[in-house]
Amino acid sequence: MSTGFPLSRTTKPVPEAERAAILAAPGFGRYFTDHMASAVWTLDGGWHDSKVGPLEPFTLHPSAAVLHYAQEIFEGLKAYRHADGSVWLFRPEANARRFARSAKRLALPELPKEDFLASVEELIRADEPWVPRSTGEESLYLRPFMFASEAFLGVRPAARVIYSVIASPAGPYFASGVTGVTLWVSSKYTRSARGGTGAAKCGGNYAASLAAQIEAEQHGCDQVMYLDSAGEGDLEESGTMNLCLITSDGRLVTPALGTILEGVTRDTILALAADFGLTPVERSVSLNELRSGAADGSITEVFAAGTAAVVTPIVGFRGDGYEFTIGNGAPGKQTVALREHVLDIQYGRAEDKHGWMRRVL
Ligand SMILES: *Cc1c(COP(=O)(O)O)cnc(C)c1O
């Protein structure tokens, strides 16, 4: 494409006072900015019509393939305002690469990395006043996505596809301090099988996870912990976040890639582990190992990693007929320190030794 995403500004922006009220308590995913980025792909014409324009509904034919066969992928990343007013992205190239991998798995067209970055950055420039002046962990959440818009009920890759980016201001994930969560180990549902779509960030994975989430809530848990679908009893991930364990002998262990989503936050934590005196290890970890490690103290901390919450301490697990806590049931010290360090890099309070930050404004 590489014609960029030229801006045509909305004539009806959200009034300033209303925007200020929203930014004072944005929550998550509730409010949207004035603009959106979009582009269209057709089998004959490739990518075209790239632009940033007013936020508006799509018009879709009722037979649009996405509504029937869920040919859809998405990404999630944040824009951070630093104390000097500048606005930055964190490792957006990693999101662009993952978006391309997800596209391939869902038989969607690949969006060039440059276009992914241009769409996100042009949208941020158009909606600059929506990037919160952060006093804590506020950010502008960016949601790039792509879906099959062709009107056709045949089962084959769609010949018409829409790419878009929307933006939503996000408040601090843990409004009243970082608290730990309890995970439900589902023995009924899995999220991913070998050869399936577990490594792709696609809407269908999330649709399939909702019943498991209900099951978790019915058992008094916050989220689900998925095990492998082959019945090996190996830990996978929580469905929106990757799992990490800290051991008493100084290892930071996380399940190896394959059927899990390759999180940018997971990769960031692995890269930072050494700075915290931890040896990063990617391997399979069984539920039995977790249970016995929690009981004998050889597993000292557990957390989940993902863009939305950065790092979420996990303080306990529950499953069919058992439950156990990690450590003393409070968020782990290294977990909290890792979380703070990632945030310090993202908000420009710590040196960006890895060159992860990309300035937009
Ligand atoms: C997005 C996502 C994650 C976390 O990835 P980040 O890049 O760290 O935000 C983990 N698991 C699943 C299933 C996801 O969709």
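First, some ground rules. This is a predicted model, where local features need pLDDT of at least 70 and side-chain atom pairs count only at pLDDT 80 or more, while totals for chains, interfaces and linings use all residues. Residues are numbered from 1 along each chain as its sequence is written, and side-chain values use heavy atoms, with hydrogens and water left out.

The protein chain is split into domain 1 (16-170) and domain 2 (181-346), with bounds taken from an automatic or database domain assignment. Their C-alpha centres are 27 Å apart. Domain 1 brings 19 residues to the contact and domain 2 brings 20 residues, where contact means heavy atoms within 4.5 Å.

The size of an interface is often given as the accessible area lost when the parts come together. Here, domain 1 and domain 2 bury about 1800 Å² between them, with 55% of it on carbon and sulfur atoms. That buried area is the accessible area (1.4 Å probe) that two parts lose on being put together, summed over both. On the domain 1 side, F74, F90 and R98 lose the most area to domain 2, together 32% of what that side buries.

**Salt bridges**

A salt bridge here is a side-chain nitrogen of Lys or Arg within 4 Å of a carboxyl oxygen of Asp or Glu. The whole structure has 16 salt bridges, and 3 salt bridges are counted between domain 1 and domain 2. Another salt bridge joins R358 and E93 (3.5 Å, N to O). This pair links distant parts of the chain, with R358 in strand 16 (residues 357-359) and E93 in helix 3, 265 residues apart; helices (H or I, at least four residues) and strands (E, at least two) are DSSP runs, numbered from the N terminus.

**Around the ligand**

Back to the ligand: of the 15 residues around it, K201, Y206, E237, T265 and T307 come nearest, a residue being near if one of its heavy atoms lies within 4 Å. Here are some distances to an oxygen atom of the ligand.

| Residue and atom | Distance to a ligand oxygen atom |
|---|---|
| R98, polar side-chain atom | 2.8 Å |
| V264, backbone N or O atom | 2.8 Å |

Methods:
A polar contact is a pair of N or O atoms within 3.5 Å; within protein, one must be able to donate a hydrogen and the other to accept it, and residues adjacent in sequence count only if both atoms are side-chain atoms.
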